[in-house]
Amino acid sequence: MIPASWYLILSAVLFSLGVIGFLIKRSLITVFMSIELMLNAVNLSFVTFAHQWHSVKGQIFVFFVMMVAAAEAAVGLAIIIAIFRARATLNVDQVDLMKL
Amino acid sequence: MLAYTIYLSFAGALILALFPKALQSSARVFALLVALAGLAIALIGFIQAGSSGTVIVADAVWVPALGIRYTLTADGISRVLVLLTGIAAVAGILFSWNIGEKEGDRANEFFAFFLALIGGVYGVFLAADLFLFFVFYEIAIVPKYFLIAIWGSTRREYGAMKLALYSFAGSAMVLIGLLAAYTVSGSHTMNLQAMAQYSFPIHFQMWAFPLIFVGFAILAGMWPFHTWAPTGHVAAPTAASMLLAGVVMKLGAYGCLRVAMTVFPHGLDPWGFSILGLTSWRMVFALLAAIGIVYGAAVALVQNDFKFVIGYSSVSHMGLVLLGLMTLTQIGLDGAVLQMFSHGILAGLLFATVGRIVYERTHTRDLGVLSRLHLGKTMPFAAVLFVIAGMASMGLPGFSGFIAEVQVLIGAWRAFPWFAAVAGVGIVVGVAYTWRAMQRAFFSEATVSTASSGTAHEEHEPYAPVTWAEKAGVALLVGTSLIIGIFPRVLLDVITPAVHALPELLVKGGRL
Amino acid sequence: MNTFAVNYGNLFSITIPETILEVVSLLVLVVDLGFLRKSTQPARMTAACVLGVIGSVLAGLWLLTHSGTASFAGDALVLNSLVAAAQIGILLLTALVLLLSFQAEFSRNPGEYVAIVLLATTGMMLVAAARDLLVIFVALELLSLSLYVLAAFAKSSALSSEAALKYYLFGGMSAALMLFGFSYLYGLTGTTNLNGIAVSLASQGLSPLVVVAMVLVAAGLGFKVAAVPFHLWAPDTYQGAPAPVAALIASGSKVASFAVLVAVTGSLIPAASASRGATWIVLLVWMAGASILLGNLAALAQTSVRRLLAYSAIAHAGYMLLGIAANTPQSGAAVFYYALTYALTTVGAFGVIAVVERNMGSDRFDAFAGLSRRNPLLAASMLIFLLSLAGIPPLVGFWAKFNLFAAVLRAPGVGAWGLGMVIFALAASAVSLYYYLQVLKRVYVVPAMTDEPMAVSALEQLVLLVIALLVALLGIFPSALSGWIPLG
């Protein structure tokens with residue numbers, strides 16, 4: 001039996017990878033996928049806790065997260081397409097029309 | 001009754017703001033009528049109440065949840081200052097009579113801001129609820145910015161912004177003090193009388209008092225927070241400098257007396273230790289006031305811009321008001337209030353002479369240039385007027401300034417002789433700078449390096465005649481100053497009982 | 001308490017206003033795409049906006065006439081007077097935004113625009129009522145996703161899509177952070193209900209996991225209210241998004257976010273244990289202080305009025321966070337009062353900006369030069385809005401500030417930081433007058449480049465005047481709202 005804490009550590013590691021990816025990657029698509037990675041780390045953590053508490057609430061939460069993540073992906077990709085049409089680039093550093 | 005001074009002014013401002021542009025030449029007439037009505041009400045209120053005590057003008061529930069009421073009362077000090085405001089408002093409009101003659105003067109807006117400012121000032125002098133007081137105080141600040149920034153002259157945007165930021169910084173300090181007092185008292189009232197009776201802890205008063213006092217004193221032009229005053233005065237259009245020096249600086253001094261000193265009288269107590277020989281806030285502020293008197297006068301002595309001379313003289317005169325407040329004696333406080341009134345009238349007169357009568361015709365305020373124009377001969381009205389105003393401002397017997405200064409000095413002599421001596425020096429310097437300005441501007445014999453200026457003088461057309469509006473304004477101000485100078489009891493009979501009714505600590509201060 | 005025994009009748013009865021909005025949003029789509037496809041662009045926009053306004057008004061009327069308290073599924077959704085006030089406020093703000101959108105030309109799809117605005121509004125209303133982590137999350141995402149789309153709605157504008165991208169990326173990131181925090185809260189307490197969390201947290205000590213959860217939740221909610229250091233999206237989004245959308249983001253979304261922040265704070269600081277409360281409060285106070293400082297300082301350097309409003313919004317969020325950190329019922333109500341009146345004022349300011357932009361093609365300071373001569377009423381409205389934001393009496397912004405700071409000072413547990421932070425906030429707001437006056441200087445002092453009047457439709461003028469009057473009258477009669485939001 002693998003202890004629950006291992007799952008939690010895995011989830012934390014995945015989440016951290018997502019945060020790091022979000023911060024250092026320059027391609028919009030990769031940044032976008034980093035957010036998805038974070039959401040999946042959250043899901044893993046919810047499932048683990050649900051298992052620990054023998055409560056179904058956490059698992060219900062996971063379904064909602066997945067659903068919202070799908071909607072978010074749809075919106076996000078649409079925005080990325082709009083950016084690409086306007087600027088012909090997917091590099092975060094070049095989306096810089098507005099500055100202080 | 002007196003409450004209508006406020007309502008009329010605000011209603012007038014609102015109507016003027018909505019005035020059609022085509023009617024801009026009649027805006028001044030309308031504004032004058034409103035100001036005259038305000039003055040009439042102030043006068044009637046002043047006469048009716050006589051020397052009686054506090055009159056309740058209005059009282060209504062306002063923000064019940066916070067214990068804030070809409071309360072207006074008028075004691076003798078308020079009535080005197082309301083009267084001053086009425087006179088200054090009428091005079092200010094008379095001296096801006098040219099606004100509205102030209103296309104693009106934006107006369108509607110000018111007089112709307114003007115009346116809004118006046119309404120706020122009336123409100124401050126009448127408010128008896130701390131929050132009402134603060135609300136009116138801030139209402140009076142905002143229009144000043146626009147009056148100066150839009151219609152001003154020398155470096156107007158800088159002067160206006162500086163003034164607005166200084167005022168707002170001061171009012172932020174006041175607001176902090178009020179919030180803290182409101183919290184500490186825990187009571188659900190903001191009434192000044194009730195607050196004054198609540199005994200705040202001494203250590204609280206020790207920091208709340210200087211905070212609020214300085215917050216207000218910034219607007220009163222206390223050294224070293226006075227620097228907004230000269231730049232603001234110089235940048236402002238004539239009517240605005242008249243109001244600024246005439247009544248707005250009084251707001252600060254009035255706030256010092258009415259809020260800081262009345263609510264936190266123990267803030268004036270000795271600290272129990274001494275820093276550089278200073279042993280209480282009272283001494284600190286008295287020292288700053290004395291420095292202000294001398295500093296303002298000394299700087300006025302070396303200015304080349306005529307308006308700066310008057311601007312710094314205001315700092316000096318307001319120093320006398322603050323010194324009078326700090327004496328904590330009946331006579332000193334009487335003198336301080338009287339000096340507020342007197343300086344309100346005289347500063348208005350001086351600014352009107354310099355900014356309107358002289359500047360509008362010569363288009364210069366440089367004393368060096370003016371000295372070559374022989375204004376004493378070409379503009380005798382202005383010369384005579386400035387002599388009168390200057391004499392009055394020096395404190396010549398027979399004018400209102402004399403009694404006020406003497407009272408302040410007697411009070412100061414009893415409390416702190418050294419500062420009184422310093423203030424005396426300041427008054428002597430005051431004679432010097434007035435004399436110098438008078439001499440250079442009007443009676444200079446500087447017959448000029450021959451050819452060039454001689455022709456310039458001959459080519460010069462005679463200056464435009466003095467208009468009826470200018471004459472009326474001058475008559476109003478000079479008349480008031482003379483009446484008060486000859487019959488000071490008219491005001492003192494009203495002021496003395498009101499000062500006497502202040503918390504006992506404020507008139508039993510005695511010697512430091 | 002069996003949370004699975006969902007009573008759908010009960011659910012329906014307390015979500016009727018939201019249902020009305022949903023139905024109207026579908027109706028807008030049907031009408032616009034079904035019947036008006038051949039009509040002109042302005043006619044379609046008008047029809048869609050009118051429908052949207054009617055929907056908001058209907059929902060608002062329902063709330064007004066059905067007061068009372070109710071809750072659903074063990075307090076997953078609650079309805080009480082404060083929530084109702086927030087919801088009515090949100091509906092009013094939406095209606096005003098729609099009324100100001102009649103002239104908007106940024107989109108060729110008016111039906112979709114109004115439908116998504118209504119969906120966003122539904123999200124805001126649910127956020128304000130939610131008291132369960134799951135409902136909070138779903139409602140916040142409904143709100144955020146709608147706003148991402150709206151921010152990108154001007155498809156031909158590169159600024160708009162860039163604004164949307166920044167909003168989306170930071171929003172997605174902070175949503176993930178918040179969710180991670182939620183998962184820890186769930187793991188620590190075994191429940192997602194805020195009341196349950198409060199009870200359960202009160203019985204345990206302060207573990208590192210609780211601190212981590214709090215930091216993560218603070219990050220997520222801090223993003224929604226644009227508090228430093230989660231504010232990076234705000235200036236760009238305010239500047240790039242279409243004006244009515246920026247107004248919605250700055251107003252309704254703020255109200256909803258502060259409502260949920262108040263609720264979450266109440267649950268994370270159980271009355272019994274001060275120590276854990278301290279962590280959360282320290283977080284809020286630091287965020288507040290940083291927001292006040294950075295917002296006011298950065299606003300000083302702006303030349304675009306929209307960006308200026310964005311930084312000022314960050315500063316205002318800082319003031320409100322102080323009220324939340326004080327954590328008394330009075331300070332909570334004061335935050336509501338502040339958020340609602342602030343939002344109203346901001347909608348007005350963005351309305352003026354929209355008109356100026358349409359005429360001048362820019363929101364730079366120069367575009368506002370001489371506004372008072374080109375359109376005195378518009379200028380007077382802007383004067384009232386900006387002075388109210390600066391907190392000048394007798395406008396409502398002053399009372400909101402005063403009430404808020406008084407509530408903070410009177411809160412029992414603020415001894416250590418209360419007075420200091422209030423002094424800091426008041427000093428900063430004295431600074432803020434400078435940049436508001438920079439705009440007003442252009443409006444009133446600087447000469448106009450042209451004399452031609454600023455074109456504005458009668459409706460816009462009317463709506464802006466009404467908002468300005470509200471801001472002024474609420475300032476003169478601050479107690480007018482006390483039926484819903486108690487002062488003091």
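The centres of domain 1 of chain B and domain 2 of chain B, taken over C-alpha atoms, are separated by 21 Å. Domain 1 covers residues 1–266 of chain B, and domain 2 covers 276–448 + 458–512; these bounds come from an automatic or database domain assignment. The model is predicted, so to speak of local features a pLDDT of at least 70 is needed, and side-chain atom pairs count only at pLDDT 80 or more, while totals for chains, interfaces and linings use all residues. Residues are numbered from 1 along each chain as its sequence is written, and chains are lettered from A and ligands numbered from 1 in the order in which they are written.

Where the two domains of chain B meet, 44 residues of domain 1 are in contact with 50 residues of domain 2 (two residues are in contact if their C-beta atoms, placed from the backbone, lie within 7 Å). On the domain 1 side, two or more residues come from each of helix 3 (76–94), helix 8 (202–219), helix 9 (228–235) and helix 10 (238–263) of chain B. Helices (H or I, at least four residues) and strands (E, at least two) are DSSP runs, numbered from the N terminus. Helix 10 of chain B gives the most to this side, with 13 residues. By type, the domain 1 side divides into 31 nonpolar, 10 polar and three charged residues. Here Ala, Val, Leu, Ile, Met, Phe, Trp, Tyr, Cys and Pro count as nonpolar, Asp, Glu, Lys and Arg as charged, and the others, Gly among them, as polar.

Turning to chain C, the chain has 20 helices and two strands. Its radius of gyration is 22 Å, close to the 23 Å that the globule rule gives for 488 residues, so chain C is as compact as a globular protein of that length; the radius is taken over C-alpha atoms, and the rule is 2.2 Å times the number of residues to the power 0.38. The C-alpha trace of chain C spans about 70 × 55 × 40 Å along its principal axes. Among the contacts in chain C with a separation of 6 or more, 80% are between residues 24 or more positions apart.

The largest nonpolar core has 460 residues, and B:Leu322, B:Leu323 and C:Val127 have the most contacts inside it. Such a core is a set of buried Ala, Val, Leu, Ile, Met, Phe, Trp, Tyr and Cys residues joined through C-beta atoms within 7 Å. Leaving aside residues up to four places away in sequence, C:Val127 touches C:Ile136, C:Ala139, C:Leu140, C:Leu143, C:Ala256, C:Ala259 and C:Val260.

The contact between chains B and C takes 26 residues from chain B and 27 residues from chain C. Helix 6 of chain B supplies the largest share of the chain B side, 13 residues. That side divides into 23 nonpolar, one polar and two charged residues.

Chain A also meets chain C, with 32 residues from chain A and 31 residues from chain C. Helix 3 of chain A supplies the largest share of the chain A side, 15 residues.

Key: A residue is buried if 20 or more other C-beta atoms lie within 10 Å of its own, exposed if 12 or fewer, and partly exposed in between; C-beta atoms are placed from the backbone.
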